[in-house]
Amino acid sequence: MADSYDIAIVGAGITGCAIARQLARYEQSVCVIEADNDIALGASKANGGLVHAGYDPAPGTMKARVNARGCELYSRWSDELGFLFRRTGSMVLAFSDEERATLERLMANGSANGVPELEIVDAGRIRELEPRANEQATCALWCPSTGYVDPFEVAIACAENAAANGATFLRGAPVQAIDVLLSNAPMQVGHTGISEQPARFAIHTSRGTVRSRVLINAAGNGAAAISRMAGAEEFRIAWRQGNIAVLDKELRAIMPLYPVPTPVSKGVIVTGTVHDNTVITATATMRDPGDVDTYAADVDALLAGARKLVPDLDTSRIVRTFAGGRAVIEGLNDFLIGPSAKVPELFHAAGIQSPGVASAPAVAELMDRILLQAGIPLTERPDWQPVRRAPADFDRSPIEQQERLIEADPAWGRIVCRCETVPEAEIVAAIHRVPGAVSVEGVKRRCRAGMGRCQSGFCQSRVVRILARELGCAPEDVLLEDRGSWIVDGRLKEGR
């Protein structure tokens, strides 16, 4: 395969997908290249989903530039793209005069960064806002604009909207090498969106070569390697691992509660989710790249941190622990967003650690402006459609709508995942959306089959059968997630 595009984006995490969604509004052709077989398999997956308001980054940093703006944009993006978003507000709890001084610094940061309505509240107001917060807290920074999302739902929604507007997604295609061509040629793009000049980049992947006039490096923990392959900036990505624990659903979701932050981390946070679970997120430990093991000491740190914020939290109700790595650029505790100083038409969206989820819409908006400032013409498509129609969610639908769905297709009445009430028809729809699920975990991320308290104990074999049927393959070929993660090895015995 050798296909040509105006813009190639390497990386289909929440940042790359948000940029793709933003740029798909233009006539220029867009291709998103992803090493893994699905959307959001890196830091976007191993994430608590908090939409931080923007009071934490130091004023003047790139984080400060995009965090508050990203938080602001989430209301519109949620309406347009159909993903769940709750703007609940949050509190940073303080337990001493010294910690109150830190709250005052955070409030000053937030004011400088454009965060609205920040306020330091007393102990009585803390209990009004969140009755389960620790009674020993003496004061808190109250921030009404904080919220939370399901981070891979956001990435998938962006990807689907980008694809509906013409973007191509090449998954399971690790980049092996990048050739830079015509390094001194001016950028010229025709009115049809197809480059009138030869490609500047030849991006060689395991699935063939993609040629493009513009290259955007949004490769997460692989961003340093992409930059190096293209002969651009040299930097190193450190693996700041975070362990996260998910508790079963609550009758009332907990408001996000933060401790006073440290210089390297926001600390262990307790928060609700859009699906009514409670999440304890996250530790911050430097480990070897790629380490996604869950460590007992880290889980102990999560539990201790959580109990300081919410003493009555029943941690025996944990249904899942997992870990991931933040893409931290060594020596730069900030995002790297902008044009390469060494390679024309190469642009970085790298080092996207926390608050990456919160910042994603603003990073996409900023990348749009950066391309224009670099002289790259972006012509809006007359048929640009910003609205994505979200798939039907049977569990959240009124009974009348459930009955209509079952009447139209009996597969809506065949419940595959009991914990999350996910019917067969919802799983089939997740497989056939573009880009659709190609693995058990891909189904799980799109419609929550396997997310409940039994963690796929009941439904996994049924999901495997549905995937095999819909993808036209044998059950032995169905993957749990990415390359090599087969579930079924073969039949133990044949029935009569």
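No disulfides are found in this model, taking a disulfide as a pair of cysteine sulfur atoms within 2.5 Å. The model is predicted: local features need pLDDT of at least 70, side-chain atom pairs count only at pLDDT 80 or more, and totals for chains, interfaces and linings use all residues. Residues are numbered from 1 along each chain as its sequence is written, and side-chain values use heavy atoms, without hydrogens or water.

- Cys17 is in no disulfide; its nearest cysteine sulfur belongs to Cys158, 6.7 Å away.
- Cys17 is buried, at 0% relative accessible area (buried is under 20%, with a 1.4 Å probe and protein chains only).
- Cys459 is also in no disulfide; the sulfur of Cys417 is the nearest cysteine sulfur, at 4.2 Å.
- Cys459 is buried, with a relative accessible area of 1%.

**Fold and packing**
- The protein has 12 helices and 22 strands, both DSSP runs (helices: H or I, at least four residues; strands: E, at least two).
- The radius of gyration, over C-alpha atoms, is 23 Å, close to the 23 Å from the globule rule for 496 residues, so the protein is as compact as a globular protein of that length. That rule is 2.2 Å times the number of residues to the power 0.38.
- Of the 496 residues, 58% are buried.
- Among contacts (heavy atoms within 4.5 Å) with a separation of 6 or more, 72% join residues 24 or more positions apart.

**Surface**

Key
Buried < 20%, exposed > 50% of the residue type's maximum accessible area, 1.4 Å probe, protein only.
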